[in-house]
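User: I would like to learn how to read the features of a fold from its atoms. Could you take me through one case?

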Amino acid sequence: MTTNQILTELLNRYTVLTPLKDTILKAANELIQTFKSGGKVLVCGNGGSCSDADHIVGELMKSFEGNRPLEKSLQEKLTELSPETGKMLAEKLQQGLPAISLTVHQSLITAIANDISGEVIYAQQVVGWGNSGDVLIGLSTSGNAQNVIDAMIVAKAKGLTTIGITGETGGKMKEWSDILINVPERRTAYVQELHLPVYHAICMMVEKEIFG
């Protein structure tokens, strides 16, 4: 499937997302250019959106639907270093796209919350991880999660592109999102039901464009 076919299939299955066609494609293209330029993606959210952040990283860091063999040079280096184990690693490992969920570093998160403030658990990580040319994806069903907003403000200050994935209104995140994917629902469960197919399609388009 081509990237256009992936997007068309998404919109055929979820027609309510049709008004977001160009925005979803723009978000996918932003990630594609980031990875091609050697950048990385940071992702954050709370509650169900925390799970979605981890889910997105899982689809990017290993093969999703396509085939991602390691680069030939790395395969050869592994085999050269260890003819038996290296060969096995060269055959089994998959090419990953650098993505970090800011939700999973529990020792760091609790240290930030205890020593600084619970509201800056993601913003502090953007200070440490984020570089100009990277992307921050912030998920919030209401668009008003303060710790996500704080992370987006820091991201913009550091030269990252910000992508907000929210509910219909966009909330306060609307102001801080370079690209806003505000799915047309307001009830938390219904918003999250639409977030998943959106980011799945984006991850599929990214994988298809980079790995063929």
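Predicted model: local features only at pLDDT ≥ 70, side-chain atom pairs only at ≥ 80, totals over all residues.

User: Which residues touch the most other members of the largest nonpolar core?

Analyst: A nonpolar core is a set of buried Ala, Val, Leu, Ile, Met, Phe, Trp, Tyr and Cys residues joined through side-chain atoms within 4.5 Å. Buried means under 20% relative accessible area, exposed over 50%, partly exposed in between (1.4 Å probe, protein chains only). Here the largest core has 38 residues, and Ile24, Leu31, Ile137, Ile163, Ile181 and Ile202 touch the most other members. Elements that each supply at least two residues include helix 1 (3-13), helix 2 (21-36), strand 4 (161-166) and helix 9 (188-211). Helix 9 gives the largest share, 10 residues. Helices (H or I, at least four residues) and strands (E, at least two) are DSSP runs, numbered from the N terminus. Another core, of 18 residues, lies apart from this one; Ile112, Tyr122, Ala145 and Ile149 are among them.

User: Now the sheet. What is the order of its strands?

Analyst: Strands of a sheet pair through backbone hydrogen bonds, either parallel or antiparallel. Two strands pair if DSSP finds at least two bridges between them. In this model an open sheet of 5 strands has the order 2-1-3-4-5, with parallel pairing. Strand 2 (99-101) and strand 5 are the edges, each pairing on one side only. From one strand to the next, the twist averages 15°.

User: How many bridges join strand 3 to strand 4?

Analyst: There are 5, and the two strands run parallel. Leu136 has Thr162 of strand 4 as its bridge partner. Leu139 stands opposite Ile165 in strand 4.

User: Why is strand 4 largely enclosed by the rest of the structure?

Analyst: Because 6 of the 6 residues of strand 4 are buried. Check both faces: Thr161, Ile163 and Ile165 are buried on one side, and Thr162, Gly164 and Thr166 on the other.

User: Which strands does helix 3 lie across?

Analyst: Axes are lines fitted to C-alpha atoms, for helices over the stretch in contact, and angles run from 0 to 180 degrees between N-to-C directions. Helix 3 lies across strand 1, strand 2 and strand 3, at about 160° to strand 2.

User: Where is Leu17 found, and is Leu17 buried or exposed?

Analyst: Leu17 sits in the loop between helix 1 and helix 2. Leu17 is buried, with a relative accessible area of 0%. Not counting residues up to four places away in sequence, Leu17 touches Leu10, Leu11, Val183, Pro184, Leu194 and Val198. Leu17 and Val198 are 181 residues apart in sequence, yet 8.6 Å apart in space, C-alpha to C-alpha.

Key: Residues numbered from 1 in each chain as written. Heavy atoms only, no water. Contact = heavy atoms within 4.5 Å.
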